[in-house]
Amino acid sequence: MKNIIIVLLLFAAVIVNGQTKYFIYFKDKGEKLLKSSEAYKKALSDLTPRAIERRKKSMGENIITEADLPLYKPYLDELEKEGIKIVRKLRWFNAVSAYIYKADIRVIESLPFVKAVSPVKTLKYEKKDIYPDEDKIFKSGSGNEYIHNYGPSLTQAELSDIPEVHNAGITGENVLIGLMDTGFNWEEAGIFQADNVLAEYDFVNEDNVTKNEAGDPSTQHNHGTYVFSIIGAKEEGTLIGASFNSQFILAKTEDVGSETHLEEDNYAAALQWLEGYGVDITTSSLGYSEFDPGQDSYTYEDMDGNTTIVTKAAELAFERGVLTITSAGNEGNASWYYITAPADGFNTIAVGAVDYLNQLASFSSHGPTYDGRIKPDITTQGVSVYGASASGGYSYSGGTSAAAPIASGIAGLLLSHYPHLSNKQLRKIIQEAGLNADNPNNDRGYGLLSAKRAVNFPNLKSVDGNYRVHKSFVGVDKVAPESVTINFSVNSGETENETMTFDGSCYYYDIPFANHGDTVQFTISYSDSTGSNFVVPSGDDYTFLFGDLNVSLVTSINRDLPDKNFFLYQNYPNPFNNQTVIEFYTATAEYSEVKVYDILGQSVKTLFKGISNEGMNRISWNGLSDSGGKVASGRYFYLLRVSGKIESKKMIMLK
């Protein structure tokens with residue numbers, strides 16, 4: 001009877017309170033983006049030195065954008081005067097979240113600095129556990145040729161060629177990985193290296209403890225501990241994580257005590273925190289689509305890379321140099337079927353699941369995104385994956401929740417071996433390292449990810465105007481160092497053959513300076529100790545363009561790389577009816593604007609206004625005007641303005 005009374009009192013309190021969490025978006029940041037301003041200095045001071053250096057790899061010297069500026073304090077003060085208690089400050093979105101009464105929305109919307117007010121959605125998370133059948137036989141032990149004893153985790157590690165990379169001494173050193181999950185009982189588990197956890201924060205209870213606390217359900221930290229162990233544990237003979245020597249930051253973002261597990265502002269706030277701390281990689285084994293009863297649900301149409309808050313937050317982190325990785329979702333045999341947010345992001349790597357025989361898991365979510373892009377990006381083992389239990393011991397479990405940390409660990413190994421790689425290069429190499437990269441599809445993406453293929457795939461670094469090619473031979477026996485030769489040509493001209501230099505970990509050669517946009521093709525030949533000769537790749541060439549640090553083999557290269565400081569591309573699809581993508585290139589990060597105009601020359605929509613990324617920039621338009629109304633069918637112009645110079649193109653909207 002006592003419990004019933006407590007429930008009724010709580011219910012009554014909710015009815016009386018009657019408040020709902022909303023996003024309040026501001027019209028501006030209150031001041032312009034000036035390096036001399038206090039707002040700019042505050043944004044810069046919020047970044048660790050590590051975050052600054054990581055941003056520079058992707059953004060050049062202009063590492064602060066308008067989105068990074070702090071929220072304008074007079075606006076926050078005014079909201080507080082109105083009696084509004086702010087929950088989260090989301091500078092990337094120029095918004096706050098707050099509990100307010102529905103009747104007060106019009107008053108808030110009437111404030112001169114408020115752009116919009118919209119509900120914060122509460123996200124429903126469905127976790128799947130997949131246990132092995134009794135008749136399955138799993139590999140266990142160290143394997144005769146491996147340095148580490150993987151125990152029962154050997155199956156999942158060996159499927160993605162991780163032990164061979166560990167054998168080469170590549171174990172994730174000097175890489176910082178951020179995890180977002182339900183909580184982490186990592187200290188008591190005793191299988192993690194304590195010095196490798198740099199920070200943790202609980203976005204549910206607002207404290208620095210991510211393991212279970214008073215009031216938490218007993219299962220709260222189970223899922224996060226299991227996921228963390230797959231990537232970061234080190235227990236010889238039992239469990240070796242994919243990138244066990246990396247460092248980690250842990251964010252508890254999800255409440256498992258009810259059907260409503262996470263609110264959008266929690267996820268965005270956690271990503272903001274992780275990015276500012278300086279993480280190189282983020283991984284989340286979370287996927288969101290349908291919400292609780294009484295809440296507005298996202299639909300498949302919203303899986304377009306540009307709608308959900310969690311997807312936008314992941315993409316904003318990527319723009320700042322973070323490699324963002326997430327589970328594809330466990331909806332493959334459910335009515336939803338497709339990938340879930342934030343796996344729909346343009347740059348976020350979505351990880352699907354296969355079993356230990358590389359057969360696609362029935363639950364693994366499928367692509368494409370609503371706007372037609374291939375998803376998932378890659379797959380790893382997600383059925384019967386061995387991991388740690390928060391209460392002690394180990395178990396087999398699974399879902400794409402288990403596949404994502406394996407992929408994130410492989411990314412950690414790759415970055416550890418090649419610290420110069422940007423997140424854009426990492427993403428490209430991970431696609432190339434998939435086992436069916438030459439024929440990607442919407443079930444497996446680019447295929448099963450191989451750590452060995454990723455580390456052995458050649459990559460570039462710009463050195464004094466030349467492009468330095470790096471190549472490793474992990475898992476290749478007895479390469480004769482003096483035999484490693486690069487054979488390259490520029491624009492299909494005469495082939496040059498030059499000996500590569502070994503620096504103790506990999507081979508390298510500096511391709512002499514070429515013109516911007518020139519095509520460079522190359523192969524690499526070598527001999528082993530028996531005198532046998534080899535050429536990689538077999539029957540094809542690696543290719544890259546001067547002006548782009550991505551090497552291609554089976555994936556496409558951007559042959560439209562502009563030979564000037566900025567370039568505006570044709571939108572796609574065109575014509576369109578509900579969404580179109582616009583891309584533009586700037587040689588350096590600089591102030592840029594992209595606007596849509598009607599045929600009378602009247603401004604319709606501002607799509608971009610701020611500091612561009614160095615290189616490619618991607619935005620989209622859903623056919624809405626600045627006022628929020630749907631525009632009429634017809635012809636429109638979109639215009640790029642950079643440093644006072646302008647380019648424009650035409651597009652057609654159909655209904």
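Which residue in β19 is the bridge partner of Ser 462? The partner is Tyr 467. This comes from a predicted model.

Strand β18 and strand β19 (residues 466–471) run antiparallel and are joined by five bridges. They sit in an open sheet of four strands, ordered β18-β19-β23-β22. The pairing in this sheet is antiparallel. At its edges are β18 (459–463) and β22 (501–502), each of which pairs on one side only. Strands of a sheet pair through backbone hydrogen bonds, either parallel or antiparallel.

## Two packed helices

Two packed helices are described by the angle between their axes and the distance between the axes. Helix α9 (residues 222–232) packs against helix α12 (residues 400–417) at about 35°. Their axes lie 8 Å apart. The crossing of α9 and α12 is right-handed.

On the α9 side, the contact is made by His 223, Tyr 226, Val 227, Ile 230 and Ile 231. They meet Ser 401, Ala 402, Pro 405, Ile 406, Ser 408 and Gly 409 in α12. Of the residues in this contact, seven are nonpolar, four are polar and none is charged.

## The nonpolar cores

The largest nonpolar core holds 89 residues. Those with the most contacts inside it are Leu 179, Phe 228, Leu 323, Ile 486, Phe 522 and Phe 544. Helix α12 gives the most to this core, with ten residues.

What does Phe 544 touch, not counting residues up to four places away in sequence? Its contacts are Leu 460, Tyr 467, Ile 511, Asp 518, Thr 519, Val 520, Phe 522, Asn 550 and Val 551.

Lys 649 is in strand β33 (residues 645–653). Is Lys 649 buried or partly exposed? It counts as partly exposed, because its relative accessibility is 24%.

Beyond residues up to four places away in sequence, Lys 649 touches Leu 568, Tyr 569, Gln 570, Tyr 636, Phe 637 and Tyr 638. Lys 649 and Leu 568 are 81 residues apart along the chain. Their C-alpha atoms are separated by 7.8 Å.

How values were computed:
Residues are numbered from 1 along each chain as its sequence is written. This is a predicted model: local features need pLDDT of at least 70, side-chain atom pairs count only at pLDDT 80 or more; totals for chains, interfaces and linings use all residues. Side-chain values use heavy atoms; hydrogens and water are left out. Axes are lines fitted to C-alpha atoms, for helices over the stretch in contact, and angles run from 0 to 180 degrees between N-to-C directions. Helices (H or I, at least four residues) and strands (E, at least two) are DSSP runs, numbered from the N terminus. A crossing is left-handed if the near helix is turned anticlockwise from the far one by less than a right angle, and right-handed if clockwise. Contact means heavy atoms within 4.5 Å. Ala, Val, Leu, Ile, Met, Phe, Trp, Tyr, Cys and Pro count as nonpolar, Asp, Glu, Lys and Arg as charged, and the others, Gly among them, as polar. A nonpolar core is a set of buried Ala, Val, Leu, Ile, Met, Phe, Trp, Tyr and Cys residues joined through side-chain atoms within 4.5 Å. Buried means under 20% relative accessible area, exposed over 50%, partly exposed in between (1.4 Å probe, protein chains only). Two strands pair if DSSP finds at least two bridges between them.
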